[in-house]
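Reader: I have a structure open beside its sequence and would like to learn how to read it. Could you take me through a few features, one at a time?

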Amino acid sequence: MPDIAKNLAEIKDRIAASCLRADRDPETVSLIAVSKTFPADAVRDAWEAGQSHFGENRLQEAEPKIELLPGSLHWHFIGRVQRNKVRRILPRFEVIHAIDSLGLASYANDLAGELGLFPKVFLQVNVGGEASKGGFEPAIVGAEMENLLALDRLEILGLMCIPPPGPDAESARPWFAALREQRDELERRAGVPLPFLSMGMSGDFEVAVEEGATHVRVGSAIFGKRGYQMDGGPD
Ligand SMILES: *Cc1c(COP(=O)(O)O)cnc(C)c1O
């Protein structure tokens with residue numbers, strides 16, 4: 001059994017050290033503990049150690065866990081969003097990290113209206129242009145920003161990415177920097193704030209924080225090795 005409380009404390013220290021290097025306030029970085037594949041008991045251990053934000057990427061797996069746990073936990077849906085799941089995702093998750101098309105955004109906006117909700121979302125950008133990954137093509141998100149901003153039920157927090165796999169954490173840096181620059185450019189062009197960047201996982205969250213991440217999604221470094229490999233693909 002990994003020592004979840006100890007792992008959380010170490011990760012917070014490492015986030016604080018990255019913030020120091022980048023001259024940032026550690027309070028501006030939210031740690032999302034990615035509990036996919038781990039049982040509700042593991043989430044409870046993390047919660048008892050003070051962690052309150054959790055990430056899941058499969059609705060079927062998350063629903064029973066959410067039921068078992070206190071209502072005060074904050075749930076983030078970090079996986080690819082299938083349309084037929086949106087109706088169930090919206091009321092259960094506080095933030096959706098991987099809105100990847102205007103069609104999906106507008107569908108979620110309609111359902112949110114029906115359900116009386118104002119969901120917080122990130123727009124996922126496929127920074128590496130990988131065929132295997134979801135996300136807006138970098139050029140498309142700018143072209144569709146006006147239409148996305150017109151969806152009055154969605155609160156667009158900012159951009160999210162999962163960079164292409166690389167040999168080490170440093171190899172993710174240019175992708176993180178590119179996402180930040182794209183965010184800056186969108187803010188200038190659209191004249192709206194997009195204050196948040198969801199980027200960085202167990203292997204590279206320190207680099208992500210140095211490059212401006214406000215939400216890091218960390219799983220295995222907290223809960224231990226998973227039984228299978230996931231990179232945010234479809235469930
Ligand atoms: C699984 C997953 C994570 C966490 O990955 P770790 O390497 O275990 O930290 C982060 N983001 C997404 C989208 C994921 O699917």
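Author: Let's begin with one side chain: Lys65 is buried, at a relative accessible area of 6%. Buried means under 20% relative accessible area, exposed means over 50%, and partly exposed lies in between, with a 1.4 Å probe and protein chains only. Before we go on, this is a predicted model, in which local features need pLDDT of at least 70 and side-chain atom pairs count only at pLDDT 80 or more, while totals for chains, interfaces and linings use all residues. Residues are numbered from 1 along each chain as its sequence is written, and side-chain values use heavy atoms, with hydrogens and water left out.

Reader: Which side chain meets Lys65 in a salt bridge?

Author: The rule for a salt bridge is a side-chain nitrogen of Lys or Arg within 4 Å of a carboxyl oxygen of Asp or Glu. Here the partner of Lys65 is Glu61, with 2.9 Å from N to O. Both residues sit in helix H3 (residues 59-68), and they are 4 residues apart, so about one helical turn separates them. Helices are DSSP runs of H or I with at least four residues, strands are runs of E with at least two, and both are numbered from the N terminus.

Reader: How many salt bridges does the rule give?

Author: The count is 16 salt bridges. One of them pairs Arg21 with Glu210, at 2.7 Å from N to O. Arg21 belongs to helix H1 (residues 4-21) and Glu210 to helix H8 (residues 205-210), so this pair ties together parts that are 189 residues apart in sequence. Arg21 counts as exposed at 51% relative accessibility, whereas Glu210 is partly exposed at 22%.

Reader: Let's turn to the ligand. Which of the 12 residues around the ligand come nearest?

Author: A residue is near a molecule or strand if one of its heavy atoms lies within 4 Å of it. Of the 12 residues around the ligand, the nearest are Lys36, Ser202, Gly219, Ser220 and Arg226. The side chain of Ser202 places an N or O atom 2.5 Å from a ligand oxygen, and the side chain of Arg217 has one 2.9 Å from a ligand nitrogen. With Ser220 the backbone takes part: an N or O atom there lies 2.8 Å from an oxygen of the ligand. On its own, the ligand has 390 Å² of accessible area, and the protein covers 95% of that. These areas come from the Shrake-Rupley method with a 1.4 Å probe, and for residues only the protein chains shown count as cover.

Reader: How do the residues of the shell divide by type?

Author: The shell has 5 nonpolar, 4 polar and 3 charged residues. Here Ala, Val, Leu, Ile, Met, Phe, Trp, Tyr, Cys and Pro count as nonpolar, Asp, Glu, Lys and Arg as charged, and the others, Gly among them, as polar.

Reader: And how many disulfides does the structure hold?

Author: A disulfide is a covalent bond between the sulfur atoms of two cysteines. The cut-off used is a pair of cysteine sulfur atoms within 2.5 Å, and the structure holds 0 disulfides. For Cys19, the closest cysteine sulfur is that of Cys161 at 17 Å, too far for a bond. Cys19 is buried at 0% relative accessible area, and Cys161 is buried with a value of 0%.

Notes
Polar contact = N/O pair within 3.5 Å; in protein donor to acceptor, adjacent residues only side chain to side chain.
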